Structure formats: structure tokens, C-alpha cells
Amino acid sequence: MNRSEFQQLDGEPIIVTAPGLPYPLVLIQVDVETFRAVSAKCTHLGCHVRPSKNFLVCPCHGSTYNLEGEVVRGPAQRALTIYPVEVKGDEIRIII
């Protein structure tokens, strides 16, 4: 993804897909140079979480995660998987 495309979204977390990955990821801008990629697959039953400004919420059973992927409300018991992100120039690359 291109960093300028992401910035046009006002830094809101967004859902992205990656070739070879069976579920989407949530891309979050931490600061001007830092991004985080979090699995969108809820650790409770595998539904896809939906991003908001401050949380990732599972629409199936209400599990809520913070933007670091940590559980803040169950029934999920485990954090979401985090993927490393590289920023080179204007390119954002998620390492899978």
C-alpha cells in the first residue's frame, strides 16, 4: 500500500487483504512513520473484526480489542496476531 493513500483516510484503521492470507488484516497508523498490522480474525470463533477509531470489534459475539490487538472485552481470551510492517519511502509493506 502507498502511504499517501493511507493518509487520505485521515489515519483511520483500514481493512487490507494480502495474497496468500486466508483472512484480512487491519492496518493502523501508530505515528507518522510507524504502522501496525493486526489480524482481522477474531480469536474467539474466527469472525472478522471491524475497525473503529479506537477499537477492533467482532460483530459476532462482541469481543473487543484495542489497536494493539489486546482483548479489552471477551468472550475472546487471546490477543489478535500482529504482523511486522516495513515503511520504505512511500510504500507500506506488511511482512507475512
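Guide: Two ground rules. In this predicted model, local features need pLDDT of at least 70 and side-chain atom pairs count only at pLDDT 80 or more, while totals for chains, interfaces and linings use all residues. Residues are numbered from 1 along each chain as its sequence is written, and side-chain values use heavy atoms, with hydrogens and water left out.

Visitor: Why is A79 called partly exposed?

Guide: Its relative accessible area is 42%. Buried means under 20%, exposed over 50%, and partly exposed in between, with a 1.4 Å probe and protein chains only. So A79 counts as partly exposed.

Visitor: What makes the place of A79 a loop?

Guide: A79 is found between strand 7 (71-73) and strand 8 (82-83). Strands are DSSP runs of E, at least two residues; helices are runs of H or I, at least four; both are numbered from the N terminus. The protein chain comes to 1 helix and 10 strands.

Visitor: Which residues does A79 touch, not counting those up to four places away in sequence?

Guide: T43, Y65, G69, E70 and V71. Contact means heavy atoms within 4.5 Å.

Visitor: How do you know that strand 3 and strand 8 pair?

Guide: DSSP must find at least two bridges between two strands. Strand 3 (residues 35-39) and strand 8 have 2 bridges, so they pair, in the antiparallel sense. A37 stands opposite Y83 in strand 8.

Visitor: What makes strand 8 an edge strand?

Guide: The open sheet of 4 strands has the order 1-2-3-8, with antiparallel pairing. Strand 1 (14-16) and strand 8 each pair on one side only.
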